[in-house]
Amino acid sequence: MATFNFNMLVFFAMVVASMAFHVSREPNEHVVGDTEGWKIPSYPEFYSDWASKRIFSMGDILYFNFLDDEHDVAEVSRDAYDDCNTTVVNVIISDGPGSIELARYGPRHYISTVHDDCKLNMKFFIYVPPSAL
Ligand SMILES: *[C@@H]1O[C@H](CO)[C@@H](O)[C@H](O)[C@H]1NC(C)=O
């Protein structure tokens, strides 16, 4: 009887574990800046505040809400991000609105390269953790 109970326990533990494995969450769409969208922010920390309130996971979507080519979205290195150096940029969305899938883990630095957007704090970075499994 004791053995039976132990086996049952192991069985249930495995069932629960496998359920935990298979409860893969649906990808979230993150609207950058929420209702403000992607624009020159009203205060410098606006986008870092926005990002700090969210949890990003692989497979999630960043949605950048802006019109046409008045801004853009580029992924840049940490250094380029810090200096707003737009010499070498990888523009991902040149005409808005547009989306980016977070397909890889690691830090991500996004800026707008148009005019002085970046210096006016149209920038933020996030960290995408490796998927747990
Ligand atoms: C900007 O980035 C480019 C390419 O990485 C580099 O050659 C250049 O020196 C940088 N400019 C400044 C002002 O840091």
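In which strand is proline 97 found? Proline 97 lies in strand β5.

This is a predicted model, in which local features need pLDDT of at least 70 and side-chain atom pairs count only at pLDDT 80 or more, while totals for chains, interfaces and linings use all residues. Residues are numbered from 1 along each chain as its sequence is written, and side-chain values use heavy atoms, with hydrogens and water left out.

View 1. The bond from glycine 96 to proline 97 is cis, with omega near -5°. Strands here are DSSP runs of E with at least two residues, helices are runs of H or I with at least four, and both are numbered from the N terminus.

**View 2. Three strands form an open sheet with mixed pairing**. The order is β1-β2-β5; two strands count as paired if DSSP finds at least two bridges between them. β1 and β5 are the edge strands with a single partner each, so one side of each has no neighbour in the sheet. From one strand to the next, the twist averages 25°; axes are lines fitted to C-alpha atoms, for helices over the stretch in contact, and angles between N-to-C directions run from 0 to 180 degrees. The pairing of β2 with β5 is antiparallel and spans 5 bridges. Isoleucine 61 stands opposite glutamate 101 in β5.

**View 3. A second open sheet holds 4 strands in the order β4-β3-β6-β7**. Its pairing is antiparallel. The edge strands β4 (90-93) and β7 (123-128) each pair on one side only. Strand β3 (residues 73-76) is joined to β6 (residues 106-111) over 3 bridges. Glutamate 75 has tyrosine 110 in β6 as its bridge partner.

**View 4. Asp68, Asp69, Glu70 and Asp95 form a negative patch on the surface**. Patch members have over 30% relative accessible area and no salt bridge, and like charges are joined within 9 Å. Areas come from the Shrake-Rupley method with a 1.4 Å probe. Asp and Glu count as negative, and the charge is placed at CG of Asp or CD of Glu. Aspartate 68 is in strand β2 and has a positive phi of about 50°, although it is not a glycine. Aspartate 95 sits in the loop between β4 and β5 (96-101).

**View 5. Aspartate 34 and arginine 54 form a salt bridge**. Their closest N and O atoms are 2.9 Å apart. The pair links distant parts of the chain, 20 residues apart: aspartate 34 is in the loop between β1 (29-31) and α2 (46-52), and arginine 54 is in the loop between α2 and β2 (61-68). The whole structure has 4 salt bridges, each a side-chain nitrogen of Lys or Arg within 4 Å of a carboxyl oxygen of Asp or Glu.

How values were computed
Patches are made of residues with over 30% relative accessible area and no salt bridge: like charges are joined within 9 Å, nonpolar side chains (Val, Leu, Ile, Met, Phe, Trp, Tyr) within 5 Å.
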